Amino acid sequence: MTKSNVKPATSKLGVMVVGCGAVSTTFMTGVLMARKGLAKPVGAMTQYDKIRVGKGDDKKYLSYGEIVPLTDLNDIVFGTWDVYPANAFEAAVNADVLKAKDILPVQDELEKIVPMTACFDKDFAARLDGTHVKDCKTRWEMVEALRNDIKEFKAINNCERIVMLWAASTEVYVPINMAVHDTLEHLEAAMKANDTKNIAPSMCYAYAALAEGAPFIMGAPNTTVDIPAMWEMAEKTQMPICGKDFKTGQTLVKSGFAPIIGTRCLGLNGWFSTNILGNRDGLVLDEPANFRTKEVSKLSTLESILMAEKQPDLYTDYYHKVRINYYPPRNDEKEAWDNIDIFGWMGYPMQIKINFLCRDSILAAPVCLDLVLLSDLAARAGKVGTQRFLSFFLKSPMHDYTKGEVPVNHLYQQYTILKNAIREMGGYEADEELD
Ligand SMILES: NC(=O)c1ccc[n+]([C@@H]2O[C@H](COP(=O)([O-])OP(=O)(O)OC[C@H]3O[C@@H](n4cnc5c(N)ncnc54)[C@H](O)[C@@H]3O)[C@@H](O)[C@H]2O)c1
């Protein structure tokens with residue numbers, strides 16, 4: 001710790017979550033319960049993982065907080081926006097992810113987390129009809145209103161720093177339009193001209209966060225931070241951003257399982273992934289335009305792990321399909337099936353089936369915590385722009401195109417990048433040694 005040159009995590013960290021739905025309330029409730037000692041933050045790397053530092057006789061295994069200064073859970077203050085007015089307690093009850101016994105002990109604290117009115121446009125999420133929405137005439141007015149919200153929240157809650165996390169619904173797919181999204185100047189002009197086609201509400205949240213000196217994390221597959229204008233904004237404001245879309249269920253399995261096939265030089269004919277899910281996220285994703293955003297994000301995983309350019313005999317033209325179907329009886333308890341058609345010696349075919357009966361928000365909550373704490377750490381370490389070390393947590397890892405970097409989807413390579421970033425921020429040497 002003494003060698004770390006990261007600014008200390010003093011005072012309060014405001015965690016401003018866009019969307020007060022299943023993921024957000026499961027995240028918030030878990031943090032509040034954990035700090036009372038009533039629940040364990042299982043799955044959070046920042047709370048459990050230990051990294052080796054040093055080599056040979058000097059080696060030791062330390063938790064992240066022993067290597068770098070991380071914000072203590074007790075220093076987190078939550079804020080939120082939603083298109084529905086329900087407070088975090090009511091929203092947690094509605095989401096029906098957690099049992100009453102896991103919510104009631106923090107009911108008072110959750111009730112105080114009351115959503116601010118949202119910046120929303122129904123054209124971006126047709127299945128939502130909430131009216132707890134700001135009355136803004138232009139996208140630029142949305143930015144200004146959100147900046148005011150952040151300033152007020154920071155002052156009222158005495159926060160030294162803010163991190164903004166998008167855990168709101170997936171918006172319709174916004175293709176990158178280089179006439180608008182290429183530079184900050186063009187992006188700002190489009191916001192002022194109220195170009196509602198090319199400027200998603202999420203872009204207003206991201207812009208406002210960065211403008212207020214807060215790292216921004218995109219937990220959905222929206223293309224919000226995929227655009228050069230937003231990289232320029234991160235550079236200008238000296239703030240970190242990262243990839244997008246929490247890597248939780250099926251894609252986590254995929255990015256961990258595909259390396260088995262690739263490492264043993266087995267061939268792939270096809271990978272069919274399907275899911276049933278019945279929460280509000282599932283409802284929004286039932287809309288083809290919203291699913292398209294998710295599909296693009298989910299498909300990228302395999303293509304960068306099993307690559308035809310590297311192994312034409314093994315990975316040319318395999319069929320990769322991802323489906324999500326809305327099925328209300330399952331609510332948040334998503335079921336995912338993967339059928340993998342592989343081939344081996346002399347081309348003989350084989351099949352692998354994976355059936356993951358997961359809980360969507362239970363998997364996403366620790367990822368929220370890690371992304372928030374590590375983005376805050378990155379900001380205090382003076383890291384600017386896209387943070388590759390956060391790829392481990394994201395379905396669509398991002399990379400700095402301007403430096404010719406490529407996204408890394410391979411879970412174990414991502415883990416190495418994560419560990420090395422923590423080591424380096426802690427003043428230790430980055431290395432690739434086997435642990
Ligand atoms: N749970 C997972 O494993 C997982 C994994 C990857 C990504 N995600 C993404 O996380 C997001 C949240 O998932 P969830 O299950 O909590 O969904 P949810 O529907 O329960 O909650 C989303 C909330 O966002 C609100 N919202 C929508 N647009 C908004 C806006 N413009 N401003 C403020 N609030 C807005 C909705 O009203 C809703 O309450 C989704 O985009 C989902 O795709 C979830």
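The model is predicted: local features need pLDDT of at least 70, side-chain atom pairs count only at pLDDT 80 or more, and totals for chains, interfaces and linings use all residues. Residues are numbered from 1 along each chain as its sequence is written.

Serine 11 lies in the segment before strand E1 (12-18), whereas aspartate 245 belongs to strand E9.

| Residue | Phi | C-beta atoms within 10 Å | Class |
|---|---|---|---|
| Aspartate 245 | about 70° | 24 | buried |

The axes of helix H8 (residues 184-192) and helix H10 (residues 228-237) come within 8 Å and cross at roughly 105°. H8 and H10 are therefore roughly perpendicular (65 to 115 degrees). In their contact (C-beta atoms, placed from the backbone, within 7 Å), Leu184, His186 and Leu187 of H8 meet Ala229, Glu232, Met233 and Lys236 of H10.

Around the ligand there are 36 residues, of which Gly19, Gly21, Val23, Ala220 and Arg280 come nearest (a residue is near if its C-beta atom, placed from the backbone, lies within 6 Å). Helix H15 (360-380) is among the elements giving two or more residues to this shell, and H15 supplies the largest share, four residues. Domain 1 (12-246 + 361-425) and domain 2 (250-359) both contribute to the shell, so the ligand lies between them; the domain bounds come from an automatic or database domain assignment.

Definitions and conventions: Axes are lines fitted to C-alpha atoms, for helices over the stretch in contact, and angles run from 0 to 180 degrees between N-to-C directions. Angles under 35 degrees count as roughly parallel, over 145 as roughly antiparallel, 65 to 115 as roughly perpendicular and the rest as oblique. Two residues are in contact if their C-beta atoms, placed from the backbone, lie within 7 Å. A residue is buried if 20 or more other C-beta atoms lie within 10 Å of its own, exposed if 12 or fewer, and partly exposed in between; C-beta atoms are placed from the backbone.
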